Structure formats: C-alpha cells, structure tokens
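Please keep the sequence and the model in view while reading.

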Amino acid sequence: MAAWCEANGVVHDTYGDGELLQQFEAKVAALLGKEAAVFCITGTMVQATALRLACDERGSRLVALHPTAHILRHERGNHQLFDHFHVLQIGDQHRPWTLEELQAIPDRLGAAALELPAREIGGQCPSWDELDAIKRHCAAQGIHLHMDGARLWETAAAYGRPVADIAAGFDSVYVSLYKGIGGLGGALLAGSHAFVAKAAEWYRRQGGNIVHRSPYVVAAAMQFDARLAAMPDYFRRTQWLYEALRAHPRMMVNPACPHANMLHLHLPVSRERAMEIRNEIAARHGVWLFNRASHGALPEHSVVELYVGDNLLSLSDERAREVLALWAAALTN
C-alpha cells in the first residue's frame, strides 16, 4: 500500500477531503450510473442510514426486507434500537422475494431492499425480467428501492450485463470495499447528489467522520480494476465447479445453477463433522475447503459456503477434482 501511494502521489485525506478519495467515489458512482457516491466506515452504517433517510423522504417508516437480510441477521436490532425504521419481512427465506410478494403488501412502503446476490441463500438473484419488473413497480408506486450490493460486482458476469445496467432503477446502492475487492474494510453509498449529501451528514452525526479514509480507499483502489476484471474468470470457474460437483451427488448445490461466483453446499453430516473434515483435509492435504459451516434444516446435516476466487482459479482441474473426491469420500465415513 505504501509503495502504491508513493508511485501514485497519494496524499491522505482529512475528514473526507482529499483527491484520491473523491476521485474513487466519483469512479464508483460512474460505474454504477449514479450521480454521486460517498465513503462510509461500515456497510452497517450505510444501509441503516440510507433506509432511514429513504423512509423520511417518502413519508412511511416501513421497509420491506427479505428474512435473510443482513440487517435482520447480523446487525443486532440496530434499526429498532436506534428507531431508524420498521421492517416488514417479505418473501420466502429460501429464495429471493418477488414482485407478486411486494404487490401483496397492503401498506404504503417507504422503501424496499434487495440484496444482489443474496448471500444467505447461496448467492441467488432474481431473473433479469423479474428484477426489471420490481424496479418499474417501485418507481410507479413511489417506493425507494435500495440495493444491498455488498457483492454486486459478482453479479455482472452472471447477468452478463454492466453493473450500471443492474443498478439502474435503484434509488440507492451500497457496495463493499472488501467483499470481492479485498480491501481493509469500508463501503460506499451511491445515489443522487442530494441523497448522498444527506447521508454523509448523517454519517458524521453517528460518529462515522473518521479523520483519514485513505487507508481503506487505497487498499481497495490499488486492486479495484484487477478484481473487477477477474470476475468473469471467477464466474466461469464457478460454472466449471458445478459440472465437477455432478460426480458427487451427496454434496447438494444451492442454487441449482450459478447466479454468481458463490454457492452453498448442503452436506449429509453435522456442522461439527463438516468442520472436522475441513480441518483434516487442510492438515493432510494443504487445502482449505471453506470458512464457515451452519446447521442444516435437517438433523445431522450442514450447509457450507464456497466463494470462488483466486484460490480455486489457481488450482488445476485435476487437483480440484482430487480435492472434491477427498471431500466426498470423507462424507461417507
């Protein structure tokens, strides 16, 4: 990072005022087809703030969220305890919510949030036609449509469209600077000039006005273009992995076909056994299979998440098949 800063003449920002930061914000906004973008220290602060402001502007405190939304699963009730907004859960927990389910809500919504791809359900996304219909409905009904785009860059290859086309029709978009990009942390919120300026002020009010953002921005900016350029390769490798997994039907894949370069595997062993197998293969064969494992819906079953990136890309096809065979064999013991 220091060498990159020296090579590029980077000067640290002061409370968000700095050329590197503002150029990077403008670059991401342009990629997303939005007027402006602003840095925030965490995605948690980004999304709670964006949805609160959206509700204030639309005159309704109701937000439609999927049951597996990050706000509900991982943010310890912040939207309730800080009195940001009220949540109406929408859709089935095992698939993305639909236009029909949105239309079935009788209340006037301030906002609806859609995660692309939806991590907790294996990276699923709605079809392009369904997504377009949701966008048009929200615009017609005056519903602020927000995207949880923590892994948005991963969907471009899957949809086969530029991220600006995917983001079009969303009133606000959150993107992460470390998920998929590999930075230290931090996030950006993109939208209209007025909405982004208001969000920036609310970040300050919540203690997000850190003195230097540049370390976070440097860590992302120095590899940003390369990471985005690699996404099609990651997706092609994910398609290859799906084909390779056909030889091991005990490892059940969700979704049925790749929507992004991530997926869930449903395994016929307990969570504890899944992690034992992971550790045994790591110790004996030097390959790390996955990070987290969750309890499955059925007894003695578990779910693991795979993110297809540089590690799998660098493995030969032969070696990857060997590892899958080792993993599958361990599931039968």
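## Charges over rings

Arg237 lies over the face of Trp240, at 4.1 Å from the ring centre, where a charge sits over a ring if NZ of Lys or CZ of Arg is within 6 Å of the ring centre and within 35 degrees of the ring normal. In another such arrangement, the face of Trp202 has Arg205 over it, 5.1 Å from the ring centre.

The model is a predicted one, in which local features need pLDDT of at least 70 and side-chain atom pairs count only at pLDDT 80 or more, while totals for chains, interfaces and linings use all residues. Residues are numbered from 1 along each chain as its sequence is written, and side-chain values use heavy atoms, with hydrogens and water left out.

## Aromatic pairs

Across the whole structure there are five aromatic pairs, counted when rings of Phe, Tyr and Trp (its six-membered ring) have centres within 6.5 Å, with planes under 30 degrees apart called stacked, over 60 edge-to-face and the rest tilted. The pair of Trp128 and Tyr159 is edge-to-face, because the ring centres are 5.3 Å apart and the planes stand at 70°. This pair links distant parts of the chain, 31 residues apart, with Trp128 in helix 7 (residues 128–141) and Tyr159 in helix 8 (residues 153–159). Trp128 is partly exposed at 22% relative accessibility, whereas Tyr159 is buried at 17%; buried means under 20% relative accessible area, exposed over 50% and partly exposed in between, with a 1.4 Å probe and protein chains only.

The rings of Phe290 and Trp327 are stacked, since their centres are 5.8 Å apart and their planes at 20°. Both Phe290 and Trp327 are buried. Ring pairs also join Phe24, Trp153 and Phe224 into a cluster.

## Enclosed space

The count comes to two cavities of 30 Å³ or more, a cavity being a set of points on a 1 Å grid over the protein atoms alone where a 1.4 Å probe fits but cannot get out, with lining residues having an atom within 4 Å of a point. The largest cavity has a volume of about 170 Å³, the volume being the space filled by probe spheres set on the points, which are joined across faces, edges and corners. It is lined by 19 residues, of which His66, Ala69, Ala113, Leu114 and Glu115 are closest to its centre.

The second largest cavity holds about 50 Å³ of space, and its lining consists of Thr68, Ala69, His70, His74, Glu115, Arg119, Glu120, Arg151 and Lys179.

Key. On a 1 Å grid over the protein atoms alone, a cavity is a set of points where a 1.4 Å probe fits but cannot get out, and a pocket is an open set with protein on both sides within 12 Å along at least five of seven lines; lining residues have an atom within 4 Å of a point. Helices (H or I, at least four residues) and strands (E, at least two) are DSSP runs, numbered from the N terminus.
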